[in-house]
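Dear colleague,

My notes on what was found in it follow.

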Amino acid sequence: MVATLREFTNPTDETAAMQERIHTFCDAALNLVFPPSCFACGRELTPNSSCGRILFCADCLDQLQIYEPPFCSRCGCGQLGSSEFCPHCLNDKLDFDRAIALGDYGGHFREMVLRMKKSSGESLALAVGELMWVYCRDRLREVEADFIVPVPMHWLRRTRRGTNSAAILAEVLGRRLRVPVRPGILRRHRNTLPQSGLSRRQRVRNLSGALALGVSYGLQGTRVLLVDDIMTTGSTCNAATGLLKTAGVVHVTVATAVRSPAV
Ligand SMILES: [Zn+2]
Ligand SMILES: [Zn+2]
């Protein structure tokens, strides 16, 4: 059943190329009617100041610390030491198989991720999702995911914030990869404290029992792309991976907009 689903959702390269051309044509037509502005600073974009279909001006793009290879094989960052792992991951026990991250949580990215978490930041989250696609598409395609699952947010926090940036990023990547997004696979049935500001041990304790498997879609033997906006210690993604693997998932790759190594 999984193989059939994958064949159905992944069209041939020719179809993908045609859809890409249609996207480009529609974007060009829209840009004539509504001249785009940079999603980070609001400055109006001209053909020379924008970066293709990415709606960020060149100045803002220059300030983002986007990772370049080689990447840490555990957390996906681009800050390798002398081994295949970055200094932050040498002693970490991360249960997922691989991670992909767009850039470093600092400077401009920090400001953007904080804005994405507000209800007014939905369009920014969409733009960051597109940025993930542009810079990480080869790595994302290599996952050959059967499903995309956003890290779940408790309904109370979703209501309070008015948005869920992980779910928006997952939707963008699902549309680009043509892989179904299944937010119902995981749920957060206990509202937890925000993880930021907690120590590594406190983060694990804070999450204990907070996540659960939701609807079962027949996960046996499948590959999952787990999506979140930020990864710090990896404890949330570890907890989610544990649940997915008990349900029979064989491979979990985590994709986040940014990586913020714990200190
Ligand atoms: Zn800008
Ligand atoms: Zn690392």
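Strand β4 is covered on both faces: Phe147 and Val149 on one side, and Ile148 and Pro150 on the other, are all buried. Buried here means that 20 or more other C-beta atoms, placed from the backbone, lie within 10 Å of the residue's own; 12 or fewer make a residue exposed, and anything in between partly exposed. In a regular strand the side chains alternate between the two faces of the sheet. Strands (E, at least two residues) and helices (H or I, at least four) are DSSP runs, numbered from the N terminus.

Please note that this is a predicted model, in which local features need pLDDT of at least 70 and side-chain atom pairs count only at pLDDT 80 or more, while totals for chains, interfaces and linings use all residues. Residues are numbered from 1 along each chain as its sequence is written, and chains are lettered from A and ligands numbered from 1 in the order in which they are written.

The sheet is open and consists of four strands, in the order β3-β8-β7-β4, with parallel pairing; two strands pair if DSSP finds at least two bridges between them. Its edges are β3 (98-104) and β4 (147-150), each of which has a single partner strand, so one side of each lacks a neighbour in the sheet. On average, neighbouring strands are turned by 20° against each other, direction ignored. Such angles run from 0 to 180 degrees between N-to-C directions, the axes being lines fitted to C-alpha atoms, for helices over the stretch in contact.

Strands β4 and β7 run parallel and are joined by four bridges; Pro150 has Val227 as its bridge partner in β7. Between β7 (residues 223-231) and β8 (residues 251-259) there are eight bridges, again in the parallel sense. Leu225 is partnered there by Thr253 in β8.

Helix α5 packs on this sheet, touching β3 and β8, and its direction makes about 135° with that of β3. Helix α9 (residues 235-246) lies across β7 and β8 and runs at about 165° to β7. The buried residues of α9 are Ser235, Thr236, Cys237, Ala239, Ala240, Thr241 and Leu244. After α9 comes Gly248, which has a positive phi, near 105°.

The largest nonpolar core has 68 residues, and Val128, Ile148, Leu169, Leu173, Leu226 and Val227 have the most contacts inside it. Helix α5 (residues 122-142) gives the most to this core, with eight residues. A nonpolar core is a set of buried Ala, Val, Leu, Ile, Met, Phe, Trp, Tyr and Cys residues joined through C-beta atoms within 7 Å. Leaving aside residues up to four places away in sequence, Ile148 touches Ala170, Leu173, Gly174, Val179, Val181, Leu225 and Val227; contact means C-beta atoms, placed from the backbone, within 7 Å.

Leu213, in strand β6 (residues 211-213), is partly exposed, with 15 other C-beta atoms within 10 Å. Beyond residues up to four places away in sequence, Leu213 touches Ile185, Leu186, Leu243 and Ala247. Leu213 and Gly184 are 29 residues apart in sequence, yet 8.2 Å apart in space, C-alpha to C-alpha.

For the chain as a whole, the secondary structure comes to nine helices and eight strands. Of its 263 residues, 38% count as buried. Among contacts between residues at least 6 apart in sequence, 73% join residues at least 24 apart.

With kind regards

How values were computed. Two residues are in contact if their C-beta atoms, placed from the backbone, lie within 7 Å.
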